Amino acid sequence: MAKSRNKKCVFDFGKLQGRIRELHITQDNVAQYLNINKSTFSLKVNNQVPFTQDEIHQMLIFLKIPDEEIKLYFFEEKV
């Protein structure tokens, strides 16, 4: 059955948060790298505000995430 286009996708950013911890950095460090407020970053990882394409691209670089793993970090839907 096709998903409704009106339904908001909720993504699981657990792997992203794990990667941040794995590198021994903080969400504040990532927010500073992205040049956004720490509270804005928090809203994004809590599905209140979407990440922009540029933010995702910048995090791939900063967190050394391979391109082939983008889906695992940014587009896994919560079930």
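A pocket here is an open set of grid points with protein on both sides within 12 Å along at least five of seven lines. In this predicted model, the largest pocket holds about 190 Å³ of space.

**The largest pocket**
- Phe 11, Phe 13, Phe 51, Phe 74 and Phe 75 are among the residues that line the largest pocket.
- Also in that lining you'll find Cys 9, Val 49, Pro 50 and Ile 56, along with Lys 8, Lys 44 and Asn 47.
- Sorted by type, the lining comes out as nine nonpolar residues, one polar and two charged.

**Helices α2 and α3**
- Helix α2 covers residues 27-34 and helix α3 residues 38-45; their axes sit 8 Å apart at an angle of about 105°.
- Angles of 65 to 115 degrees count as roughly perpendicular, so that's how α2 and α3 are set to each other.
- On the α2 side, Gln 27, Asp 28, Val 30, Ala 31 and Leu 34 meet Lys 38, Phe 41, Ser 42 and Val 45 of α3.
- That contact is made up of five nonpolar, two polar and two charged residues.

**Aromatic pairs**
- With ring centres within 6.5 Å as the rule, the count is six aromatic pairs.
- Take Phe 11 and Phe 75: their ring centres are 5.7 Å apart and their planes at 90°, so the pair is edge-to-face.
- Phe 11 lies in the segment before α1 (14-22) and Phe 75 in the one after α5 (70-74), so this pair ties together parts 64 residues apart in sequence.

Technical notes: Residues numbered from 1 in each chain as written. Predicted model: local features only at pLDDT ≥ 70, side-chain atom pairs only at ≥ 80, totals over all residues. Heavy atoms only, no water. 1 Å grid on protein atoms, 1.4 Å probe; cavity = no way out; pocket = protein on both sides within 12 Å on 5 of 7 lines; lining within 4 Å. Points joined across faces, edges and corners; volume = space filled by probe spheres on them. Nonpolar A, V, L, I, M, F, W, Y, C, P; charged D, E, K, R; others polar. Axes fitted to C-alpha atoms, helices over the stretch in contact; angles between N-to-C directions. Helix = DSSP H or I, 4+ residues; strand = E, 2+ residues; numbered from the N terminus. Parallel < 35°, antiparallel > 145°, perpendicular 65-115°, else oblique. Contact = heavy atoms within 4.5 Å. Phe/Tyr/Trp six-rings, centres within 6.5 Å; stacked < 30°, edge-to-face > 60°.
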